[in-house]
Amino acid sequence: MALSSSSKYDCIVIGAGIQGSFTAYHLAKSGKKTLLLEQFPLPHSRGSSHGQTRIIRRAYPEDFYTDMMEECYQLWAEVERESETKLYRKTGLLVLANAGNHAFEVVCENMKQRQIPWESLSQATFKMRYPGFSIKPGEEVCNDINGGVLYADKSLRAVQGLFQLMGGVIHDGEKVTHIEPGPVVIVSTTSSTYEAEKLVITVGPWAKKVLSPLGLQLPLKTLRINVCYWREKNPGDSGILQNLPCFLGMQLNGDQRDVYGLQSQEYPGLIKICYHHGNEAEPEERDLQVKDPKIPDIQILRSFISNYLPGLHPEPVVVEQCMYTSTPDTNFILDHHPLHKNIVIGAGFSGHGFKLSPVVGKILSELCIGTKSTYDLKPFQIARFQNQ
Ligand SMILES: Cc1cc2nc3c(=O)[nH]c(=O)nc-3n(C[C@H](O)[C@H](O)[C@H](O)COP(=O)(O)OP(=O)(O)OC[C@H]3O[C@@H](n4cnc5c(N)ncnc54)[C@H](O)[C@@H]3O)c2cc1C
């Protein structure tokens with residue numbers, strides 16, 4: 001059966017999280033007739049892009065992310081202008097680590113070399129500025145001065161709205177059930193069938209499920225992240241909530257993973273502090289209660305809070321769930337399907353993809369259109385998993 005012209009697109013993007021939405025936005029900006037398909041009615045909170053806030057920073061141990069952030073800040077500002085919506089709040093981003101921590105040293109070096117506004121804080125200065133934060137002898141702090149908060153839900157809405165203003169089409173509540181590769185890709189959903197010369201797959205924690213029928217097994221792990229909100233023991237006393245910027249504790253408190261925190265937008269008066277790791281779970285099982293989790297993430301946070309933020313009550317007031325989709329090296333996957341070159345994949349954002357989504361979307365759209373990227377895409381290629 002021949003499809004009507006309204007079912008034919010230059011490009012189809014599957015998944016209207018922040019990565020798919022930014023990809024669709026860039027495709028529409030390039031003049032491509034684009035369809036963005038989403039399985040759930042929008043907005044929804046089942047994937048990885050929901051909630052009020054995400055941290056934005058240039059402080060990265062991998063210099064290629066620091067470099068990408070330069071353009072990301074410009075693109076976030078462009079979206080703010082185009083949508084007339086405030087999406088970014090500058091607070092500064094404190095990075096704390098034990099002296100000699102290699103990743104911390106590289107973070108500082110990357111910012112220094114690129115003349116990014118940053119400062120190294122002595123223990124005395126830190127204690128004076130943030131008396132509620134109990135730093136330990138032998139620990140070091142730097143401040144990524146332009147770090148801060150992105151308003152996540154508002155960002156998603158703004159990018160999708162701009163995409164539609166440019167003529168882009170969003171079909172939500174339509175799950176993709178089958179993809180037929182070929183020179184023209186045929187995409188079947190729960191309610192219709194579409195075709196396009198190019199397809200982009202950005203389905204977050206559903207990547208394995210969507211990609212395996214296309215013969216692609218990627219080493220992705222989906223992790224349930226407990227998003228925890230904490231309150232002061234005596235509201236107003238510790239001064240923590242008044243002026244604390246975003247922070248990233250790198251491998252502190254004897255732990256191998258990071259802890260991060262930011263003022264809560266969702267629940268005024270609470271602070272959001274999370275462990276940058278979680279237990280494996282399918283996205284559909286995300287909200288199931290687990291009695292004895294393999295990784296005691298909330299217990300780790302309780303201990304962190306008792307030691308570093310003693311003015312907070314060491315029991316979360318609210319715990320919500322979100323999903324990470326992690327690669328073994330925590331770097332993203334931005335590449336063509338190895339066999340079907342007109343299918344482009346964006347996956348494995350490993351819990352740090354939101355801030356980078358403007359450039360991720362640009363790269364995925366360039367891979368789709370066939371424009372050469374200005375970025376070195378080697379760290380993001382599927383071929384790096386060949387021996388895994
Ligand atoms: C708790 C938490 C804190 C985070 N903090 C930060 C931070 O501070 N800074 C930062 O930069 N990043 C952060 N991140 C990471 C960032 O939010 C994610 O990297 C990003 O949101 C991933 O977006 P995505 O579009 O890949 O996935 P998603 O948002 O999950 O979008 C994928 C979409 O695909 C849809 N889909 C799936 N299958 C189908 C199908 N068959 N048919 C149609 N649609 C389908 C899904 O419904 C979903 O809407 C955090 C993540 C979490 C969970």
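Is Glu 315 buried, exposed or partly exposed? In this predicted model, Glu 315 counts as partly exposed, because its relative accessibility is 37%.

## The pair of Arg 302 and Glu 315

Glu 315 is the partner of Arg 302 in a salt bridge whose closest N and O atoms lie 3.0 Å apart. This pair links distant parts of the chain, with Arg 302 placed in helix 8 and Glu 315 in the loop between helix 8 and strand 18 (318-326), 13 residues apart. Arg 302 has a relative accessibility of 24%, and therefore counts as partly exposed.

## Other salt bridges

Side chains that carry opposite charges can pair when their charged atoms come close. The count for this model comes to 15 salt bridges, and among them is the one between Lys 209 and Glu 284, where the closest N and O atoms are 3.2 Å apart. Distant parts of the chain are linked by this pair, since Lys 209 belongs to helix 6 (residues 207-211) while Glu 284 sits in the loop between strand 17 (279-280) and helix 8 (297-308), 75 residues apart. With a relative accessibility of 44%, Lys 209 counts as partly exposed.

A further salt bridge joins Lys 272 to Glu 266, with 3.1 Å between the closest N and O atoms, and here both Lys 272 and Glu 266 are buried.

Helix 5 covers residues 152-165 and contains Ser 155. Just after helix 5, Gly 167 takes a positive phi of about 100 degrees.

The buried residues of helix 5 are Ala 152, Ser 155, Leu 156, Ala 158, Val 159, Gln 160, Leu 162 and Phe 163. The elements that cover these buried residues include helix 1 (18-29) and helix 2 (63-83), together with strand 2 (34-37), strand 3 (53-56), strand 8 (148-151) and strand 9 (169-171).

## Ser 155 in detail

Why does Ser 155 count as buried? The relative accessibility of Ser 155 is 0%, and the cut-off for a buried residue is under 20%, so Ser 155 falls within that class. Leaving aside residues up to four places away in sequence, Ser 155 touches Ile 18, Trp 76, Leu 87 and Phe 354.

Note on methods
Residues numbered from 1 in each chain as written. Predicted model: local features only at pLDDT ≥ 70, side-chain atom pairs only at ≥ 80, totals over all residues. Heavy atoms only, no water. Salt bridge = Lys/Arg side-chain N within 4 Å of Asp/Glu carboxyl O. Helix = DSSP H or I, 4+ residues; strand = E, 2+ residues; numbered from the N terminus. Buried < 20%, exposed > 50% of the residue type's maximum accessible area, 1.4 Å probe, protein only. Contact = heavy atoms within 4.5 Å.
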